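Here are my notes on the model you sent over.

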Amino acid sequence: METVPENVGFALGRVFRADDPGKLMSFREAIVLAEEKFGTLGSVGSYSPPRSPGRYKGAGVGPSPAYSYTACVVEAEVDRKTGWITVPKVWIAHDIGRAVNPVSARGQVEGSVYMGLGEALMEEQVFRRLPPKLSNALVHKIPSLLEYKSLTSLDMPEVFTELVEDPDPNCPFGAKEVGQGPLLPVMPAVANAVYDAIGVRIDELPITPDKVLAALEKKARGEAPRIGPESFPDVPYPEPMLVPTPWEGGDGNSVNTPLRRPLKKEALA
Amino acid sequence: MMRLPWFEFHSPRSISEAAKILAAEGPQAMLIAGGTDLLPNMKRRHQTPATLVSLRQIEALKKAANGSGVTLGAAFTLNEIVANAAVREQYAGLWQAAAQVATVHLRNMGTLGGNLCLDTRCNYYNQNYEWRKAIDFCLKKDGEICWVATASKRCVAASSTDTAPALISLGATARLVSTQGEREVALADLYKNDGIDYLTRRPDEILTEVKLPAPEGWRSSYWKLRRRGAFDFPVLGVAAAVRTARDGTVEDARIALGAVSSRPFLTKGGELLIGKKLSDDAIAEAGAKVASAAKPMDNTDLDLYWRKAVAAEFVGYALREIRGDDMSATRVRIARHAL
């Protein structure tokens, strides 16, 4: 086109001279010409997140300068006689900073709804202990992916996706993550929707109709309408490390140096 | 990788030719129609037939006849059954059952006869060879212990056919042909409550057709329970067929159950309805009777006590649909299809 790069315009799939738009070629033609001359067109870039101020063990994990947030609303229908749960609609809004590719970003958010509903309603790894006279071994009760159910497109509800764009100054192009963040609110939203519908709490996943029915029976007997673990597991956790938040006057460093090894049970008692 | 074992393959053109091959080869030969059940099972070494006799080239197995009732060739694919106008209009239970088997792709291959002869299923059986070997196999294949009921002398693998309970409720019969002759059995009598030897069909017999009695006055319905509505084997199947007089009094009724035993079977629930109208009370009474006959085992998906507990409710769905209630919203919740 006999001009300098600064004078080249791009629009509507065409490449043209800015001072003489009549001189043009298709974008595809321009790419072919450029690759003939320069070889494969590509560019390399990199981004390093700002250094975390923390200087404690574990501070290097998850070096993200910003975190995404997601809000999720689940509509659920629960049958009181069978405990059957149906999720007809899901609304989900994800704070992504900036969506570099909005179509892919929406796909990620909707994929998270899919993954979250599978976790909330279907996917389960169940073990079963063989009788002592056999081997007393734990075996998978549902030992194949055929029996490890996840949703199909037919099982998916209608999903309304919203990307909240508020570019984050610490991130490349202001973009935050849309990896699995939007997954997180889906399961609690399903559990809360079930509670809202029939007033029972299912404290473990997946939320299956037999658990719902068992919780409804507890409710009818006047017991606490909850199904799930009865107590917190007895784990000898080590002394916690304390890192105050900025508004607590923290600078990212821990204020104590706890023992690295878990305390022995006797020491706790 | 799971590969098919070697086998001889025959593709006869007529039923008599197929029967001759079966008679000559003996029990080491098996029939194959769509292969959607048999081939994966062969890859896992559940069945290792030396010879497969294909039914796909036999045109006589793909004939439908309308007379007093409908006769359906056993080699019709499930999607051909779904597309059959007479089935859709007159035998809703069978249509709903066929339409809920697996997925469109599998229904394009799988046949009516294949679904009726479907191998029984169990968590400890439908696994690859190495996995089964690791638990020292099970009673159904290569082992001595039933891991579901360790004291059981009998295999308790679950019958997982959808079309059989529907056809039992409709009063269908099946025709079996061998070189020794042919016989017709009531569909319920095709099955035995034994997870290993689950069919009364002899190895040399070919299931050629299913005959449905005239539909006059009958209405039918099939409801299938599974964790995932889109596709799965049933963990409970309820089929009901009811014949009513003009004033709505039930003259005859049959309710069959699937997936809660090693065979599909007729319950006594239908008899309770005879002489009554399909009131909510009568439906509840029949539902309780049917549910008491369900004997699910802990060998498939979902909690077995829950599966038994909801059987009555599913009988209610079927009977209310037959009564004329609009069950479409419930149907979409359970099956994810409008049906």
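**Notes on the two chains**

1. Let's start just past helix H4 of chain A, where A:Gly222 takes a positive phi of about 85°. Bear in mind throughout that this is a predicted model.

2. Now the helix itself. H4(A) has 12 residues, and from its first C-alpha to its last it reaches 16 Å, close to the 16 Å expected at 1.5 Å a residue. Its buried residues are A:Pro209, A:Lys211, A:Val212, A:Leu213, A:Ala214 and A:Ala215, so a lysine is on that list as well, going by the cut-off of 20 or more other C-beta atoms within 10 Å.

3. What do the buried residues of H4(A) pack against? Within chain A, the partners are strands E4 (69-78), E5 (85-95), E9 (201-202) and E10 (226-227), plus helix H3 (186-198). Chain B joins in too, with helix H11 (304-309).

4. Next, the nonpolar core. The largest one has 144 residues, and those with the most contacts inside it are A:Val190 and A:Val194 along with B:Val238, B:Ala240, B:Ala311, B:Phe314 and B:Val315. Helix H12 of chain B (residues 311-323) gives the most to this core, eight residues. As background, nonpolar side chains tend to be buried together in soluble globular proteins.

5. B:Ala311 deserves a click. Leaving aside residues up to four places away in sequence, B:Ala311 touches B:Leu236, B:Val238, B:Val290, B:Ala291 and B:Ala294.

6. Over to the strands of chain B. Is E6(B) (residues 173-178) mostly covered or mostly open? Mostly covered: five of its six residues are buried. On one pairing, six bridges join E6(B) to E7(B) (residues 181-186), running antiparallel, and a hairpin links the two strands through two residues.

7. Last, the domains of chain A. The assignment divides the chain into domain 1 (5-38) and domain 2 (69-200), and 45 Å separate their centres, taken over C-alpha atoms.

Technical notes. Residues are numbered from 1 along each chain as its sequence is written. Chains are lettered from A and ligands numbered from 1 in the order in which they are written. This is a predicted model: local features need pLDDT of at least 70, side-chain atom pairs count only at pLDDT 80 or more; totals for chains, interfaces and linings use all residues. Domain bounds come from an automatic or database domain assignment. A nonpolar core is a set of buried Ala, Val, Leu, Ile, Met, Phe, Trp, Tyr and Cys residues joined through C-beta atoms within 7 Å. A residue is buried if 20 or more other C-beta atoms lie within 10 Å of its own, exposed if 12 or fewer, and partly exposed in between; C-beta atoms are placed from the backbone. Helices (H or I, at least four residues) and strands (E, at least two) are DSSP runs, numbered from the N terminus. Two residues are in contact if their C-beta atoms, placed from the backbone, lie within 7 Å. The expected span of a helix is 1.5 Å times one less than its number of residues. Two strands pair if DSSP finds at least two bridges between them.
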